[in-house]
Amino acid sequence: MTDNATIKLAHGENPIAALRKAHADQLLLCDRLEEIADSLPDAINRQKCMYAARALGPMVRGVHRFEEDVVFPIVAERLKNHEQIEPTLNRLRFEHCEDECFAEELTEALHQLGRGDPDINIEAIGYMLRGFFEAMRRHIAFESEMLLPMSGTNRQ
């Protein structure tokens, strides 16, 4: 695991259990982002926007590093005879890259909302929020419902 990862395993802690907790935390953040989107344009809670802006990037990057450095090698080893595992993991890595770039843009938009910037495009931010949390939920669902059970790591 890289030094900048936000997920740190305790001695003997199961990495899949840690990933499940991280997924739950990400889904809670998605819920907060959905609340922000639903509050647009007239009931914006600026404090929620600032909190989400501060949490978003580090959480996304940390979970992705943990998946790529710890979980994906476990999955690759367990499914080494499955011909589609490497293309699948590569696709997930690419999605991680896209999600991180999107998270950076969304972080800036959330900062603007939190500051009450009068020049922001509320409709565009609403689309950004919904696009991000829907993609994140789909990504987590695929990993949780397909990848981990298929690799036999679902219960660990």
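Is Arg 137 buried, exposed or partly exposed, and what is its relative accessibility? Arg 137 counts as partly exposed, at 23% relative accessibility, where buried means under 20% relative accessible area, exposed over 50%, and partly exposed in between (1.4 Å probe, protein chains only). The structure examined here is a predicted model, in which local features need pLDDT of at least 70 and side-chain atom pairs count only at pLDDT 80 or more, while totals for chains, interfaces and linings use all residues. Residues are numbered from 1 along each chain as its sequence is written, and side-chain values use heavy atoms, with hydrogens and water left out.

The protein chain contains 4 helices and 0 strands, helices (H or I, at least four residues) and strands (E, at least two) being DSSP runs numbered from the N terminus. The pattern along the sequence is α-α-α-α. The C-alpha trace spans about 55 × 30 × 25 Å along its principal axes. Of the 156 residues in the protein chain, 43% are buried. Contacts, defined by heavy atoms within 4.5 Å, were considered between residues at least 6 apart in sequence, and 78% of these join residues at least 24 apart.

The accessible surface of the protein chain amounts to about 8,500 Å², with 52% belonging to carbon and sulfur atoms; accessible areas come from the Shrake-Rupley method with a 1.4 Å probe, and for residues only the protein chains shown count as cover. The chain carries 18 positive and 27 negative side chains, and the centres of the two sets lie 5 Å apart. In this count Lys and Arg are positive and Asp and Glu negative, whereas His and the chain ends are not counted. Each charge is placed at NZ of Lys, CZ of Arg, CG of Asp or CD of Glu.

In the whole structure, 11 salt bridges are found, a salt bridge being a side-chain nitrogen of Lys or Arg within 4 Å of a carboxyl oxygen of Asp or Glu. One of them joins Asp 31 to Arg 137, with the closest N and O atoms 2.8 Å apart. Because Asp 31 lies in helix α1 (residues 15-39) and Arg 137 in helix α4 (residues 122-150), this pair ties together parts that are 106 residues apart in sequence. Asp 31 is partly exposed, its relative accessible area being 30%. A network of salt bridges links Asp 31, Glu 34 and Arg 137.

A salt bridge is also formed by Lys 48 and Glu 35, whose closest N and O atoms are 2.9 Å apart. Lys 48 belongs to helix α2 (residues 46-78) and Glu 35 to helix α1, and the pair, 13 residues apart, links distant parts of the chain. Lys 48 is partly exposed at a relative accessible area of 36%, and Glu 35 is likewise partly exposed, at 32% relative accessibility.

Within helix α2, Glu 68 and Arg 65 lie 3 residues apart, about one turn of the helix. Their side chains meet in a salt bridge (3.3 Å, N to O), and both Glu 68 and Arg 65 are buried.

Helix α2 also holds Met 59, which is partly exposed, with a relative accessible area of 21%. When residues up to four places away in sequence are not counted, Met 59 touches Asp 25, Gln 26 and Leu 29. Met 59 and Asp 99 are 40 residues apart in sequence, and their C-alpha atoms are 11 Å apart in space.
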